[in-house]
Amino acid sequence: MHNQERIISKEGEKRIDSKKASLKEIFFQKGYFFPLSMESPFRSFHNMILLSFMLLSVIIILFLSSVLYLQFSSRLKRERETQAEQLLKQGANQLEEYLVSMRRISDAMYYNVIKVPDLNMSELNEEMNLLYEAHKDNLVSVAIFSSQGKLISAVPISAEKKNRKVVEQDFFSTAVQQVENLHFSLPHVQNLFDDPSFRTHWVISLSRVVDLNRDGVSNNAVLLVDMNYDTIERMMEKLNGDDDSRYFYLCDKKGKLIYHPRMREILRKSFQENTEDVAEWEDGLHYIKKDGRKETVILDTIGYTGWKMVSVLEEKNPVFTPGGTLYYVFMLISLTLLISLFFNQLLSLRLSYPIRKLNEDLENMGDRERFIEEISNYGSTEIIHLGQTLVQSFRKIDELTEEKIQQQEEKRQTEMDALQSQINPHFLYNTLESVVWMIESGKKEDAVFMVTQLASFFRISLSGGKNIIPLSQEIQHAKNYMNIQKIRFKNKFAVHFDVQEEVLDCLTVKLILQPILENAIYHGMEGMDGDGEIDVRGKIIQENSLPVILLSVEDNGFGMPVEKAESFLDNEVEPSSFSDRKKRGSGVGLINVHKRIQLRFGSRYGLKIISAPDEGTTVQLRLPPIEYSEETQKSMEHGNMHSSSSGFHGGGRNS
Amino acid sequence: MKENRIFTVGVGIVAIMLFALSLGRLLGENAPQKYKISIVVDRSSSAGWDKFRKGLNAASKKYNIEYNFVTTGRFLSIQQEYLSLSREIKNGADGIITELRATEGTGVLLNELGKSTKLELVDCEKEVTDPTVSISSIGVDEEALGEALGKEVLQSNLQNQRLRIGILAGNQNKGNMQKRLDALKKVLEESEKEIVWIMEDKGQPRKDLEVANHKRSVDIIIALDNDSLEIATRYLRDTGRQFVELYGVGDSDELIYSLDVGMIRSLIVIDQYQMAYSAVVNLWQRLSNSRNTPGDQSVDFYVVRADNMYADGMERILFPTGQ
């Protein structure tokens with residue numbers, strides 16, 4: 001189970017890793033248009049500044065606009081509500097005054113006419129007529145009915161319509177049920193009196209029970225004052241005005257409509273007004289939702305009647321209506337965005353100009369020598385510093401490149417010299433003369449041996465054009481040379497080779513031992529009479545914790561002063577003349593060997609001469625222990641440094 | 001250009017926003033343009049147009065329309081009507097509401113007029129017109145009306161007796177009136193009532209009525225339009241024929257009064273107020289190139305008797321206020 005969990009979690013990890021890898025691929029894939037792609041123009045300095053500024057601007061603008069809009073719109077809403085409230089109160093007051101005036105007319109009719117004792121019919125009619133005439137703009141008729149519903153008097157028309165049951169009419173029954181009160185009816189068409197001109201009037205009936213004194217007898221009667229509904233209608237129409245977003249209506253305390261600007265639509269059921277619920281609300285502001293739209297409903301109760309004056313504020317589509325707040329806010333946001341866009345573009349261009357100029361200059365750089373000085377020295381201290389650093393870097397690169405070229409040239413030259421010296425005709429002539437002498441002397445085996453050694457010597461010297469050979473071949477080359485010289489010098493000296501196996505498997509620059517041996521022979525053994533000893537040793541040692549091949553050529557010759565030995569390799573030119581060297585042997589000096597080793601492997605390696613007068617000379621060669629393989633050989637031939645040993649570093653890299 | 005892509009895109013987005021806002025404002029709820037319309041009907045002074053005028057007034061106020069109710073007498077021919085309509089167009093009417101005195105032969109007239117102005121027909125049928133010419137009409141379901149009227153007659157107090165019926169058919173040049181008459185006749189004939197005479201309005205309806213009724217008196221008179229019913233009412237009043245039952249179509253104050261006092265037994269009232277209101281609204285929508293342009297419409301009719309004429313909703317229909 002545990003193993004399974006481990007397997008599962010490993011698989012899970014793999015999946016996560018592969019997801020991360022694919023995400024990384026998506027984000028950084030070249031050539032793919034994505035904001036973070038390396039080649040995307042959005043990654044440019046200018047665009048990043050512009051985006052950042054724009055983002056900030058948009059956030060600030062939206063925030064401020066929202067705050068301002070909310071503030072403004074709530075203020076506007078409050079003002080609308082206040083205005084509607086004020087209008088509502090005005091309208092309510094006006095209506096109340098009108099109703100009060102109607103009550104006064106009714107009171108006047110009652111107290112000043114009906115209640116007058118002993119008034120006869122004609123006087124009653126006359127008084128009623130007078131009162132009617134005084135208020136006929138607002139009145140349709142005034143009538144008195146007995147408690148049985150019989151018409152006693154009426155102005156202006158007294159002819160009743162037939163088949164009217166007055167006692168069943170609302171105005172009569174309501175008055176009779178509540179004797180002490182005045183009653184206002186809902187609007188209706190007055191249908192009591194016969195008007196031969198066919199005119200009809202919408203009225204609101206004000207009725208009350210009165211004491212009628214006739215012939216000394218007091219009886220109950222019903223006084224009916226029919227108010228002209230037109231007056232209320234005109235009042236409400238004026239209140240409604242032209243504002244489509246708001247309307248006022250009137251209803252009684254049970255919610256029955258008295259006036260509504262959309263009455264016909266309500267009757268046709270194409271518009272709904274929830275008046276019955278509204279009538280039960282308290283006076284003041286109410287916020288409701290109707291058909292998905294918000295509405296503000298303001299109520300005011302008319303005194304005595306209990307009628308409700310209602311104002312409805314509709315919230316219309318705010319964006320596109322003339323004067324719509326949201327429309328202006330959006331316009332303002334758009335214009336502000338446009339201005340900030342232009343401003344941010346200018347600012348980002350200005351700020352990014354130095355780095356863009358620097359970038360442009362670098363792109364346009366052709367002949368570095370000519371244009372390096374023209375890299376812009378412009379902008380902030382950081383950009384100037386960057387530019388100057390770039391200039392210095394380019395100069396340094398140029399210097400290093402020059403140095404490299406020089407080293408390569410030197411290397412080539414020294415190798416050419418070394419090779420050239422190997423095919424120096426003097427050594428060949430001398431050796432061939434020795435061979436001729438040996439043949440003439442009948443020393444055929446010695447001659448064969450000489451020729452064989454010479455052949456091997458030259459084969460290794462050439463090495464098929466290679467400069468890097470295994471140390472085994474270099475040792476062999478040295479042996480060939482020494483074998484030839486021993487014969488030539490009639491074994492005046494002995495040479496011993498003691499090289500570790502592991503050294504033989506390493507690579508080296510060719511033609512390094514032979515020149516040292518040559519020197520040992522011509523400078524060390526010269527003048528000696530048969531006791532010369534030359535020892536060639538090779539082993540791997542640790543120097544500064546790093547492995548190093550140490551080849552040494554030690555002779556027991558005359559030696560040289562210590563100072564000379566120490567400063568021998570500092571000279572540019574060999575102490576002995578080249579022509580002199582050429583006559584004796586290969587002609588390639590120790591300095592050449594030392595330079596070639598250092599050019600190839602670094603300054604850690606090379607020659608070291610230890611000598612003292614009459615104490616012989618030891619020449620040490622230090623090489624890096626690079627194991628031989630074909631690939632390594634090819635790589636080193638092409639000038640690549642091989643990092644098998646960690647001591648590979650220093651100036652003059654062959655990269 | 002690549003470098004400035006963000007800037008260009010940003011400017012583009014803001015420009016689109018500004019364009020959309022401006023376009024929305026143009027297409028949105030703007031203050032309506034003031035249009036001028038003319039109303040050309042047969043016998044404009046007839047009281048039968050009173051409710052129609054009230055509806056016209058209310059709609060014109062709401063939609064900010066200036067209207068001219070052209071004074072006309074009785075149109076004697078289509079050509080006379082055509083001249084009247086053309087004159088209104090020449091006088092700058094943006095649209096015309098009209099009631100054609102006939103149906104047959106008016107197609108050509110409508111095609112021609114419809115190309116130069118917006119036409120709305122009321123209370124009449126239109127002959128087939130060029131489909132590219134936009135003309136709509138508002139009327140009532142004539143078959144249903146005729147049928148309802150017939151059914152009211154069948155409920156007469158005299159139902160157990162053999163009834164003699166006379167019909168004042170009004171202007172039978174109009175296709176809708178023909179349908180009304182046909183529907184009424186169908187109901188009466190199915191109930192085996194005797195239709196003694198049917199009189200079209202040929203210019204002297206009162207005289208024709210007197211002559212016809214003198215020749216063969218009837219128990220029931222049915223009038224198919226307002227003017228005919230008024231004539232019938234006056235005739236009965238003047239002649240004191242209180243036992244003749246009167247039924248008909250109309251809504252003038254006189255007829256309503258007559259219904260109230262019992263002279264008319266049953267009245268079919270077409271919602272003229274709504275007809276006028278809808279005609280104005282339709283015309284306004286077409287003139288303002290609104291996306292909502294309704295086609296032909298119908299309005300309601302009501303069967304009114306003395307016992308229901310003062311009922312809640314009926315009052316508003318019979319006695320419209322300014323609302």
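Contact here means heavy atoms within 4.5 Å. On that basis, the meeting of the two chains in this predicted model involves 49 residues from chain A and 37 residues from chain B. Residues are numbered from 1 along each chain as its sequence is written, and chains are lettered from A in the order in which they are written. Local features need pLDDT of at least 70 and side-chain atom pairs count only at pLDDT 80 or more, while totals for chains, interfaces and linings use all residues; side-chain values use heavy atoms, with hydrogens and water left out.

The size of an interface is often given as the accessible area lost when the parts come together. For chain B and chain A, the buried area (accessible area, 1.4 Å probe, that two parts lose on being put together, summed over both) is about 4000 Å², and carbon and sulfur atoms give 61% of it. Three salt bridges (a side-chain nitrogen of Lys or Arg within 4 Å of a carboxyl oxygen of Asp or Glu) are counted between the chains. One salt bridge links the side chains of Arg164(A) and Asp260(B), at 2.5 Å from N to O. On the chain B side, at least two residues each come from helices H1 (5-27), H9 (253-260), H10 (272-287) and H11 (312-318); helices (H or I, at least four residues) and strands (E, at least two) are DSSP runs, numbered from the N terminus. H1(B) gives the most to this side, with 13 residues.

Strand E7 (residues 246-251) pairs with E11(A) in the antiparallel sense over six bridges, with Leu250(A) as the bridge partner of Met309(A). Strand E10 (residues 293-301) also runs antiparallel to E11(A), joined by seven bridges, and here Val297(A) stands opposite Val312(A). E10(A) and E11(A) form a hairpin with six residues between them, and Tyr304(A) in the turn has a positive phi of about 75 degrees.

Helix H15 (residues 513-525) of chain A is mostly covered too, with twelve of its 13 residues buried. Among them are Leu513(A), Ile516(A), Glu518(A), Tyr522(A) and Met525(A).

Definitions and conventions. Pairing = 2+ DSSP bridges. Buried < 20%, exposed > 50% of the residue type's maximum accessible area, 1.4 Å probe, protein only.
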